[in-house]
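Please look over the sequence and the model shown below before reading on.

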Amino acid sequence: MMDKVHNCWFRRPRCRAFFILILAVGLALSGAQAETRPKPSANALASAHPLATEAGLRVLDEGGNAFDAAVAVTAVLAVVEPYSSGLGGGGFWLLHRASDGFEVMIDGRERAPLAASADMYLDASGKVRTGRSVDGALAAGIPGTVAALEHLSTKYGVLPLKRTLAEAIRLAEQGFPIDEVYRSRARFRHQALRSSPAAAEIFLVEGEIPELGDLIRQPELGAVLRLIAQQGKEGFYRGIFAERLVAGVRQAGGIWTLEDLHQYRIVERKPVYGQYQGTRLTSAAPPSSGGVALVEMLNILSGYPLQSMDEMTRFHLTVEAMRRAYRDRAQYLGDPDGVELPLERLTSPFYAAGLRAGIRRDRATLSAQLPGYASARPQARDTTHFSILDRAGNRVAATLSINYPFGSGFMPPGSGILLNDEMDDFAIKPGSPNVYGLVGAEANAIAPGKRMLSSMTPTFLDDGRRIAILGTPGGSRIITMALLAVLEFTRGGEIQEIVDRPRFHHQYLPDILYLEPGALDESGETALRDLGHNPRRLQSDYGNMQIIIWDRRDNVVNAASDRRGIGAAMVR
């Protein structure tokens, strides 16, 4: 039979003509359907800083797409939020292209220097040398933000870097007024900044915290941005500027080489996908642990009728799902280019069913009863996020970081680039916690050129009617904030309800249930203690979620910036 078909298509002109006609009709219909797909009624952008939001919307107003706006927002945040992100850091940019539905995660995560080793932060007796992976030049991984900016611009944008970087250049050179958030972060990292003369000159005033409203000018950073606008990533990773970076790092005790910079490449990765109660989830892939852990938690919870349960049972089961996903994060996840990861198993509903079988509704599982590692410390704030939707339907969710506030606190002289301290995101020693209290195993051990594990979780949600674009900073708490947002979205919650919802967090170790103020009253905390949990009420809020929701049926676009931060969400 196949021979007859073969003979028809390749030997009979009328058959070939008929086939070509059918193909042409199909393509025409497909194009017609694409033309009739609903498009958003407005552009929308939510970011952690009003200046970044305005810069991104201006690019959209001038004919750029969501990917061009992402370049502008990333660059402006590098200037006005030096405590959260920057050209000396990295991140993940999750993209959706409306014209064909293509989705990809741009991995601009930092890499370990080629001279790095598994024991580089241990002393002769094998103990962790406190602070070496957090402060100073030795703590810095090879940054990826600049490579990601060029990739976003040249492959997905429509405007040149000269245009999309213009506002960041202006703000770097002319300055921006600092706010109380800046002051609190600088106060937290005061000693690290004072230890770097170049950083202290820019971010402090005579070694002290600047006053509210003081201008921060960064002419050297402006010059670097101009160089990138003219030469792309080559202006950063090669040539005179690269030599200056490497020389400054090595003079301060770091181990960077020019080859480290020359070898840096971004990686396009397939996102992690999942389903929960009819909502399709698209999220970050390794070396982010965010998407995998998020899908695992949702798979566990999918076996329960959460909406019909009382609040305490719902709370308890959600915490138990968090505990198990963070245990697996510590045990299995790392850089997919250097370690074989059991992603299919971890994201499988059948694996989640097995984990669910070990959860008691009447009793908490002690983390010590799960195989893994002991000891951990509390965590701090860091990182930044922005969400973008343009009128064509393109969308971006991007979470960026330099790790700890103000990163390593170190700036190579004459560079204007504040370096990250992402090396602390490796498992410095199996079972030993990083600054966020997260532990890890061999999968996330330090190795030359390896990307360190992350918790950043930029995410898209689609329930058939509404699309959400979301993410947040928050160190080890990022993934659980994303989980709570998904649960609220699938419940039908409105955008402000999703952002304002009081948060809670469990990360396996330490075996503590962290409660944001307002998350539970005293009777609720008592009920959780009776179940065997160890609740601890935090003194302040955490997180800084930036979210956009597009209701396709009514063609209404809304955006919200977390009340916990100083960001801005705009629709126009």
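A residue is called buried under 20% relative accessible area, exposed over 50% and partly exposed in between, with a 1.4 Å probe and protein chains only. By that definition Phe-406, at 0% relative accessibility, counts as buried, and Asn-403, with a relative accessible area of 2%, is buried too.

This is a predicted model, in which local features need pLDDT of at least 70 and side-chain atom pairs count only at pLDDT 80 or more, while totals for chains, interfaces and linings use all residues. Residues are numbered from 1 along each chain as its sequence is written, and side-chain values use heavy atoms, with hydrogens and water left out.

## Backbone geometry

Most residues other than glycine have a negative phi, and most peptide bonds are trans. Against that background, Asn-403 has a positive phi near 80 degrees, and Phe-406 has a positive phi near 60 degrees. Asn-403 belongs to the loop between strand 10 (395-401) and strand 11 (459-462), and Phe-406 is likewise placed in the loop between strand 10 and strand 11; helices (H or I, at least four residues) and strands (E, at least two) are DSSP runs, numbered from the N terminus.

Cis peptide bonds are found from Pro-286 to Pro-287, with omega near 20 degrees, and from Leu-509 to Pro-510, with omega near -5 degrees. Pro-287 sits in the loop between strand 8 (279-283) and helix 15, whereas Pro-510 is in the loop between strand 13 (504-505) and strand 14 (513-515).

## Aromatic pairs

The whole structure holds 10 aromatic pairs, where rings of Phe, Tyr and Trp (its six-membered ring) pair if their centres lie within 6.5 Å, and planes under 30 degrees apart count as stacked, over 60 as edge-to-face and the rest as tilted. One of these pairs, Tyr-237 with Tyr-264, is stacked, at 5.8 Å centre to centre and 5 degrees between the planes. Tyr-237 lies in helix 12 (residues 234-237) and Tyr-264 in the loop between helix 14 (258-263) and strand 6 (267-269), so the pair ties together parts that are 27 residues apart in sequence. Both Tyr-237 and Tyr-264 are buried.

The axes of helix 15 (residues 290-301) and helix 16 come within 9 Å and cross at roughly 140 degrees; axes are lines fitted to C-alpha atoms, for helices over the stretch in contact, and angles run from 0 to 180 degrees between N-to-C directions. Helix 15 is therefore oblique to helix 16, the class left once angles under 35 degrees count as roughly parallel, over 145 as roughly antiparallel and 65 to 115 as roughly perpendicular. In the contact (heavy atoms within 4.5 Å), Ala-293, Glu-296, Met-297, Ile-300 and Leu-301 of helix 15 meet Leu-317, Thr-318, Ala-321, Met-322, Arg-324, Ala-325 and Asp-328 of helix 16. These residues divide into eight nonpolar, one polar and three charged, with Ala, Val, Leu, Ile, Met, Phe, Trp, Tyr, Cys and Pro counted as nonpolar, Asp, Glu, Lys and Arg as charged, and the others, Gly among them, as polar.

Helix 16 (residues 311-332) also crosses helix 21 (residues 522-531), their axes coming within 11 Å at roughly 55 degrees, and these two helices are therefore oblique to each other. Met-312, Phe-315 and His-316 of helix 16 make the contact with Gly-524, Ala-527, Leu-528 and Leu-531 of helix 21, a set that divides into five nonpolar, two polar and no charged residues.
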